[in-house]
Amino acid sequence: MITIPQPQTGIIPLYERPAWKALQQHYAKVQNAHLRQMFAEDPQRAEHFAFEAVGLYFDYSKNRITDETVRLLLELANQSGLRARIDAMFSGEKINVTEKRAVLHVALRATKDESIMVEGKNVVPEVHAVLDQMTGFANQVRSGQWRGHTGKRVRNVINIGIGGSDLGPVMAYEALKYYSQRDMTFRFVSNVDGTDFAEATRDLSADETLFIVSSKTFTTLETMTNARTARKWALRALGDEKAVARHFVAVSTNTAEVKKFGIDPANMFQFWDWVGGRYSMDSAIGLSTMIAIGPDQFRAMLAGFHAMDEHFRTAAFDRNLPVLMGLLAVWYNNFFGSQTIAVLPYEQYLKRFPAYLQQLTMESNGKRVTLDGTRVEYQTGPIFWGEPGTNGQHSFYQLIHQGTKLTPCDFVGFFQTLNSLGDHHDLLMSNVFAQAEALAFGKTPEEVREEGTPDWLVPHRTFEGNHPSNVILAERLTPETLGKLVALYEHSVFTQGTIWQIDSFDQWGVELGKVLAQRIIPELEATEEPSLKHDSSTNALIRRYRNLKGGAARMKKNG
């Protein structure tokens, strides 16, 4: 078993790695090279920098790279210990160094015959036991066998969670809605803003509604605030405390709190501390997904995850999709100074995919110290953002094409549509290819003039091009394909974090604001003026809120 010391040692600091220094020298030579020139010099470039693996076609030819760039990036991966780090993760080593935890979301999609050890115990049987429990429950709900307190079947499912307990299920439901059971309604509540819950339940009947409360500790402030509100909402209509057991289930590890809430522990679905929230959509956190699309389709999604896991674990780095994507992200982030990556799915069902990736990427790699606590001297995680095409073309593409910022783009498209309507899909995919082409090659002033454009307008209609992009294509959007895409980005994030020598699996940055909020809550709710000991700005904001909140309450009371 490969051991990664805690904290990790033996890896040369990033700036001192020979490949890093060579990349700096190489960048100075190629930084101004244009993609027009690169394609002109190599007629086979499109074939050279493209390949297919695990059902995904990856064209990275429109990147500002040469053979030497790729060679040096691969050397950087080797000098960063990427292979050992991959092996350590799959072996169950505690590579989450600050929390002393294994990182085993890959175990969630392992096959039954595999063995993945954590502290001497094979965790795969536990994973499949929970999957079987989920399968039985999902089948009961989908068939109508599971009945609510009044004997009515469940027609509405509301997932209550936040962060990874919400973004994954929301994204997966929207992505796989085509495969969902359409006589059921699925909604998701995450925001502690009461509007989120109010709008989610406004047109629903409590006697036909099932709530899935997803919280590892069953103490998460936002989730449990919404869960208690849901409990009150249900009991106002159903009247009997016993109804909670028929209308609430839990995804948690805290049996005592689940039982205290009124949920039957038999309807508590387990997950583990070696699964980070943002990596948990294929665990019991995905119970709402399984109910929506059915156990067979859910397991197909897991098979897609597993196929990409095995590709990442075994493929040579020069034909390894996540490795190459991660290295390209480092290339632009650390050498070109690009601060963002746009993810542009040309598939309406993937409308929540960029939002999902925001947590996956930025919560993972938004770090400013290395594994041993040393402050980094370079940029780490880029900002991920995006919208489905073609909507984004009429929104922010102007900045990407003619603005002053370099924004690498990932285009995601499919050869076949799930909803065939006339020539819609051809029009959609023509835009994938056209946008990638336009970003790469642009339009020169000479080409603009040849169109008869007056000289004064030429600068405004010129496109410099040389904007990099990846194009990722698959046959069609299926549960299996979704699993592959999510795992692709998971492992790309891992690759980047390994290069930067940071911990991609903790998230201490979310804690401070939560702690301060807990301190402020009683100050906002106190009946007497509290003694405030914050900074002058925060004190003034609290006082103003208390004053205007009180005024609103008096107005409501006086009618």
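Leucine 221 counts as partly exposed because its relative accessibility is 33% (buried is under 20%, exposed over 50%, partly exposed in between, with a 1.4 Å probe and protein chains only). This is a predicted model, where local features need pLDDT of at least 70, side-chain atom pairs count only at pLDDT 80 or more, and totals for chains, interfaces and linings use all residues. Residues are numbered from 1 along each chain as its sequence is written, and side-chain values use heavy atoms, leaving out hydrogens and water.

**Leucine 221**
- Leucine 221 is found in helix α9 (residues 221-238); helices are DSSP runs of H or I, at least four residues, numbered from the N terminus.
- Leucine 221 touches Gln518 and Ile521 (heavy atoms within 4.5 Å), not counting residues up to four places away in sequence.
- From leucine 221 to glutamate 363, the separation is 142 residues in sequence and 19 Å in space, C-alpha to C-alpha.

**Helices α7 and α15**
- Helix α7 (residues 164-175) packs with helix α15 (residues 353-365) at about 150°, axes 9 Å apart; axes are lines fitted to C-alpha atoms over the stretch in contact, and angles run from 0 to 180 degrees between N-to-C directions.
- That makes α7 roughly antiparallel to α15 (over 145 degrees).
- Gly164, Leu167, Gly168 and Met171 of α7 meet Phe353, Ala355, Tyr356 and Gln359 of α15.

**Helices α6 and α13**
- Helix α6 (residues 124-143) and helix α13 (residues 295-314) cross at roughly 145°, and their axes come within 10 Å.
- On the α13 side, the contact is made by Pro295, Phe298, Arg299 and Leu302.
- The α6 residues in contact include His128, Asp132 and Arg142.

Technical notes. Helices (H or I, at least four residues) and strands (E, at least two) are DSSP runs, numbered from the N terminus. Angles under 35 degrees count as roughly parallel, over 145 as roughly antiparallel, 65 to 115 as roughly perpendicular and the rest as oblique.
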